[in-house]
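Here is a brief report on one protein chain. Look at the fold first, then follow the side-chain contacts.

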Amino acid sequence: MSELIIVKPEKCVGCNACVRECPAPEANMTKQLEDGRFITMVNHDKCIGCGECVKKCNHGARDFIDDTDECISEMIKEKIIIMASPAIKTVLPTKWKGVLDWFKKQGCTVFDVSFGADICTWAHLRTIDQDKIGNIVTPQCPAIVKYIETYQPKLLQNLSPIHSPVACSAIYIKKYLRRNNPIALVTPCIASRNEAKDTELFDYNITIKKLLEYFDRNDITIPIDTSEDYEYKFDEPQGQLGSIYSRPGGLRDNLWVHDPEINITNSEGVHKVFREIDMYGRMPESKHPKVFDVLSCEFGCNIGPASGTKQTVFDVMSTMRAIENDAKGRRKSTGIMGRGDDRLFKRFDDELRVADFLRNYKPSMPTPVPSNAQLDPIFKKMGMHTEEDRKYDCHACGYDTCRDMAIAISRGLNTPDNCIVHAKSVLLARHSALNRQNEQLEEITAECLELSDKLKENVAKINENMQNIGESTTATSERAAVVKDLLENVVTFCNDNSTMDADSVSQLTSILETTISAFSALDDNVSRTNESSETINESIKDIIALVGEINEVLVKTDNKELAAAAADPMAQ
């Protein structure tokens, strides 16, 4: 599958708008980056190229690829055949003629796809008249064709075997006009690039949006034409009522001009037509209309995803009414024979073979739908454990239902982390864990404050006893000096008095009593110092014990957190 839609990851914000708007259930792949951002890439094998995601992305993260630059480069080398979609008139109501004139100046020949649309109408009518086809789904929209091939291959038996107007035009150019030059389609359709590759009938898909961007880059000015004349000198015949194919019900209205009794139902718009195609596939054949005329774009090709237009639906429909009136006028004056037969279709009968305009399709193998048993563990990862949970269907992920999201996850196209219910579950689990941690923190704080108070008491005791030790040490030094002096006096006295009389004995006794008193005071200071030291030692032991208790509290808390995390992994 060729790439049509491209993603600019740096601009993707993971809003899921592309998933929400996309009608193809497997076309998007959402993944989470290492930095935590979600981005949605394109699964090119399953993308139908409808371009709805490009239209609805508000962040510039999506764009598309076409062949504008490559084709214009080739114009220098060889003559290109330009097929102009009828929608060019509604997209560029005042410039479409100027654009086609510009191509002619580059040496191109210009062909009207409306003429191919007339061939498409003729081929359908002839196969219906000859009862060669049953109930059909129309094939003019390449996004519809790709959807049926990819997601509803059983409906290929209902998909009209007649080529689209674009392909009918290319076949006419190649087979009947015998032109072998490369062919380029100018269109507002992105998916036509797929049609070019699948049918190999034309070579380039030039989208109007990219063409206008090319003109801007190269300072090419297209003159404005405000006339309401829709005649143009194409190099080959201009189409008639095929010019209204680009509006909703365009093929239907063409068929009804020739056979108003045909049972036709039409549908368009990505949020409607693909659901109704799926519904069509579930219905019995007896309830199918003869023709189911379908287009991917809500207002047909006229406001296609690659139109680059600022036209409103009212502008477009007003232009389409003028185009229809012009086409009817030309058909009435040149296209109807005397008895009411269509002269153009008579020409087709004479010159063309319906068999030349038949197409084969390429079915894909649908991806199997996972069973309920396979989805159950995925739902649990999404935080959905009950049937009520699994019908939350908030659409925030981009899918219509939680089941669709679970299927996408099963197919590797999304991740449970992108589910809002899962995100809420994780947040609630983390909030609960945080509350538990706060409660534990309060308990720890209370215990630590109590232990801190005890530490303060012990430190105060140490400070007090250190002061006592300091005072005692000073007093001890002073008293030791006094004792020393007294003892020296006793020795001196004894040396000076070899014989003792009553006065000498009395004097010595007094000195000795003073010395005993000094020794007693000295002994008291030493005891006081020892007691203070013991108190300090006891306080230090208490401090060591208190530090151990604090460590035990912290370890106990850490173990609780680990146990809680093991019991509740969502709290990680």
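## Model and conventions

This is a predicted model, in which local features need pLDDT of at least 70, side-chain atom pairs count only at pLDDT 80 or more, and totals for chains, interfaces and linings use all residues. Residues are numbered from 1 along each chain as its sequence is written, and side-chain values use heavy atoms, with hydrogens and water left out.

## Overall make-up

The protein chain has 18 helices and eleven strands. These are DSSP runs numbered from the N terminus: helices are H or I with at least four residues, strands are E with at least two. Of the 572 residues, 49% are buried. Buried means under 20% relative accessible area, exposed means over 50%, and partly exposed lies in between (1.4 Å probe, protein chains only).

The accessible surface comes to about 28700 Å². Carbon and sulfur atoms account for 51% of that surface. Areas come from the Shrake-Rupley method with a 1.4 Å probe; for residues, only the protein chains shown count as cover. Contact means heavy atoms within 4.5 Å. Among contacts between residues at least 6 apart in sequence, 77% join residues at least 24 apart.

## Nonpolar cores

In soluble globular proteins, nonpolar side chains tend to be buried together. A nonpolar core here is a set of buried Ala, Val, Leu, Ile, Met, Phe, Trp, Tyr and Cys residues joined through side-chain atoms within 4.5 Å. The largest core holds 54 residues. Ile5, Ile48, Ile144, Ile148, Phe274, Ile277 and Met382 touch the most other members. Several elements each supply at least two residues of this core, among them β1, α7 (142–151), α12 (273–282) and β11 (291–295). A second, separate core has 39 residues, including Met83, Val113, Ala170 and Leu251.

Leaving aside neighbours within four places in sequence, isoleucine 144 contacts Val273, Phe274, Ile277, Val294, Leu295 and Ser296.

## Aromatic rings

The structure holds 17 aromatic pairs. Phenylalanine 115 and phenylalanine 348 form an edge-to-face pair, because their ring centres lie 5.6 Å apart and their planes meet at 80 degrees. Phenylalanine 115 is in helix α6 (residues 113–129) and phenylalanine 348 in helix α14 (residues 343–351), 233 residues apart. Both are buried. Rings of Phe, Tyr and Trp (its six-membered ring) pair if their centres lie within 6.5 Å; planes under 30 degrees apart count as stacked, over 60 as edge-to-face and the rest as tilted.

Tyrosine 172 and tyrosine 176 are stacked, at 5.9 Å centre to centre and 20 degrees between the planes. Both lie in helix α8 (residues 165–176), four residues apart, about one turn of the helix. Tyrosine 172 is buried at 4% relative accessible area, whereas tyrosine 176 is partly exposed at 25%. One aromatic cluster takes in Phe111, Phe115, Trp122, Tyr172, Tyr176, Phe345, Phe348 and Phe357.

## Salt bridges

There are 29 salt bridges. Each is a side-chain nitrogen of Lys or Arg within 4 Å of a carboxyl oxygen of Asp or Glu. Glutamate 21 pairs with lysine 56 at 3.3 Å, N to O. This pair links helix α1 (residues 17–21) to helix α2 (residues 52–56), 35 residues apart. Glutamate 21 is buried at 14%; lysine 56 is partly exposed at 33%.

Glutamate 52 and lysine 55 both lie in helix α2, three residues apart. Their closest N and O atoms are 3.8 Å apart. Glutamate 52 is buried, with 7% relative accessibility, and lysine 55 is partly exposed, with 36%. Elsewhere, Arg247, Arg252, Asp253, Glu324 and Lys328 are linked in a network of salt bridges.

Lysine 210 forms a salt bridge with aspartate 63 (3.2 Å, N to O). Aspartate 63 is in strand β4 (residues 62–64) and lysine 210 in helix α10 (residues 208–217), 147 residues apart. Both residues are buried.

The charged end of lysine 210 also sits over the ring of phenylalanine 64, 4.7 Å from its centre. Lysine 89 sits likewise over tryptophan 96, its charged end 5.4 Å from the ring centre. The criterion is NZ of Lys or CZ of Arg within 6 Å of the ring centre and within 35 degrees of the ring normal.
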